[in-house]
Amino acid sequence: MRDNSRKQFEFSEKENAKVRGFKRDPVGDKEAEIESGILQKYKGRLLVMASNKCAVHCRFCFRKNMQKESIPNLPEKLRKILEKDKSIKEVILSGGDPLMLCNSELQAFFNAIPKPLKIRIHSRMATVLPNRFTPALQSLFKQLSSRLIFVAHINHPSELSKKSERVFSSLSKNGAMLLNQSVLLKGINDNAKILAELSEKLFSQRVLPYYLHQLDKAIGTAHFEVPIKKAKEIFKELKEILPGYLVPRFVREIKGKKSKIWINC
Ligand code: SF4
């Protein structure tokens with residue numbers, strides 16, 4: 001199998017094409033904002049744009065056209081919202097990549113989120129910058145123990161390495177639940193065998209496949225879109241290859257909906 005995974009990060013002239021249906025904010029982040037940098041799309045969960053930076057620039061990113069401003073006093077704003085709204089059970093730290101924050105900035109977020117609320121971190125760092133998981137960061141995570149859900153964003157089996165294995169092993173020993181979400185990307189992982197290999201390799205590093213996303217239609221990403229008919233065929237084949245616990249949920253996000261939409265195949 002050809003490894004085209006680096007194309008996720010390479011600029012292409014195709015990004016300049018204007019394609020109907022592709023938008024600046026395809027999943028309605030702006031409308032979901034209840035405070036600058038804090039979003040609520042779904043019941044019981046808040047999403048915080050904890051950092052506006054990433055260690056890599058994924059060319060298919062659905063937030064690639066969003067304003068990259070840093071928002072002051074976010075942990076304090078979050079604390080105030082959580083004091084008032086007792087319906088929140090989980091806070092999702094997203095961005096950007098929340099692990100671009102330094103440890104003291106991360107600690108400020110953790111301090112703002114009281115027990116027993118779950119803390120979910122969405123990050124690409126385990127594969128793109130595994131050295132970020134220093135002993136100091138791991139001991140921060142250790143405080144959270146089973147309240148921590150770590151969602152890796154890995155699209156291709158070649159992204160996993162001995163280094164990522166060490167990161168996931170430490171996170172798991174510190175009590176975190178490890179999940180992965182991928183985006184189905186034309187020319188990169190639009191193949192059931194590649195996706196099956198990804199699931200198996202994730203499992204060997206203690207990570208369970210969670211979501212496979214149909215591409216969010218952000219301006220400049222159309223060349224990564226797998227047509228839905230082909231996407232469904234790939235997913236059907238994937239289900240036939242893997243045991244159920246290694247099959248991610250195939251979903252798409254639709255602006256304004258109260259949950260992710262499961263795509264039936
Ligand atoms: S790391 Fe995540 S937020 Fe950052 S560019 Fe990649 S997909 Fe987008």
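This is a predicted model: local features need pLDDT of at least 70, side-chain atom pairs count only at pLDDT 80 or more; totals for chains, interfaces and linings use all residues.
Helix α1, residues 74-84, packs against helix α2, residues 103-112. The axes of the two helices are 8 Å apart and form an angle of about 10°. Angles under 35 degrees count as roughly parallel, so α1 is roughly parallel to α2. On the α1 side, the contact is formed by Pro75, Leu78, Arg79 and Leu82. On the α2 side, the contact involves Ala108, Phe109 and Ala112. Six of the residues in this contact of α1 with α2 are nonpolar, one is charged and none is polar.

Helix α2 also packs with helix α4, residues 135-144. Here the angle is about 5° and the axes are 11 Å apart. The helices α2 and α4 are therefore roughly parallel to each other. From α2, the residues Asn103, Leu106, Gln107 and Phe110 take part in the contact. From α4, the residues are Ala136, Leu137, Leu140 and Leu144. The contact of α2 with α4 contains six nonpolar and two polar residues, and no charged ones.

The largest nonpolar core of the model comprises 52 residues. Within this core, the residues with the most contacts are Val48, Leu93, Phe109, Phe150, Leu171 and Leu184. Helix α6, residues 192-204, gives the most to this core, with five residues. Phe109 is also one of the α2 residues that meet α1. Leaving aside residues up to four places away in sequence, Val48 touches Gly37, Ile38, Leu74, Leu78, Val91, Ile92, Leu93 and Ser94. Among these, Leu93 is another of the residues with the most contacts inside the core, and Leu78 is an α1 residue that takes part in the contact with α2.

Arg45 is located in strand β3, which spans residues 45-49. With 17 other C-beta atoms within 10 Å, Arg45 is partly exposed. Arg45 and Glu90 are 45 residues apart in sequence, but their C-alpha atoms are 4.9 Å apart in space. Glu90 is also among the residues that Arg45 touches, together with Ile88 and Ile92, when residues up to four places away in sequence are not counted.

The ligand is surrounded by Cys54, Val56, His57, Cys58, Cys61, Arg63, Gly95, Gly96, Asp97, Arg124 and His153. By class, this shell around the ligand divides into four nonpolar, four polar and three charged residues. Two members of the shell, Gly95 and Gly96, are joined by a cis peptide bond with omega of about 15°. Gly96 lies in the loop between β4, residues 90-94, and α2.

A cis peptide bond also joins Lys115 and Pro116, with omega of about 5°. Pro116 is in the loop between α2 and β5, the latter covering residues 118-123.

Positive phi values are found at Ser145 and Arg206, neither of which is glycine. For Ser145, phi is near 50°. This residue belongs to the loop between α4 and β6, residues 148-153. Ser145 has 10 C-beta neighbours inside 10 Å and therefore counts as exposed. For Arg206, phi is near 75°, and the residue is placed in the loop between α6 and β8. Arg206 has 15 C-beta neighbours inside 10 Å, so it counts as partly exposed.

Asp216 and Ser182 are buried. A residue is buried if 20 or more other C-beta atoms lie within 10 Å of its own. Asp216 is found in the loop between β8, residues 208-213, and α7, residues 228-241. It is buried because 21 other C-beta atoms lie within 10 Å. Beyond residues up to four places away in sequence, Asp216 touches Pro26, Val27, Phe62 and Glu253. Asp216 and Lys255, which are 39 residues apart in sequence, have C-alpha atoms 10 Å apart.

Ser182 lies in strand β7, residues 177-183. Ser182 is buried because 23 other C-beta atoms lie within 10 Å. The contacts of Ser182, again not counting residues up to four places away in sequence, are Ile154, Asn155, Asn189, Leu198, Leu212, His213 and Pro248. Gly44 is 138 residues from Ser182 along the chain, and the C-alpha atoms of these two residues are separated by 24 Å.

Definitions and conventions. Residues are numbered from 1 along each chain as its sequence is written. Axes are lines fitted to C-alpha atoms, for helices over the stretch in contact, and angles run from 0 to 180 degrees between N-to-C directions. Helices (H or I, at least four residues) and strands (E, at least two) are DSSP runs, numbered from the N terminus. Angles under 35 degrees count as roughly parallel, over 145 as roughly antiparallel, 65 to 115 as roughly perpendicular and the rest as oblique. Two residues are in contact if their C-beta atoms, placed from the backbone, lie within 7 Å. Ala, Val, Leu, Ile, Met, Phe, Trp, Tyr, Cys and Pro count as nonpolar, Asp, Glu, Lys and Arg as charged, and the others, Gly among them, as polar. A residue is near a molecule or strand if its C-beta atom, placed from the backbone, lies within 6 Å of it. A nonpolar core is a set of buried Ala, Val, Leu, Ile, Met, Phe, Trp, Tyr and Cys residues joined through C-beta atoms within 7 Å. A residue is buried if 20 or more other C-beta atoms lie within 10 Å of its own, exposed if 12 or fewer, and partly exposed in between; C-beta atoms are placed from the backbone.
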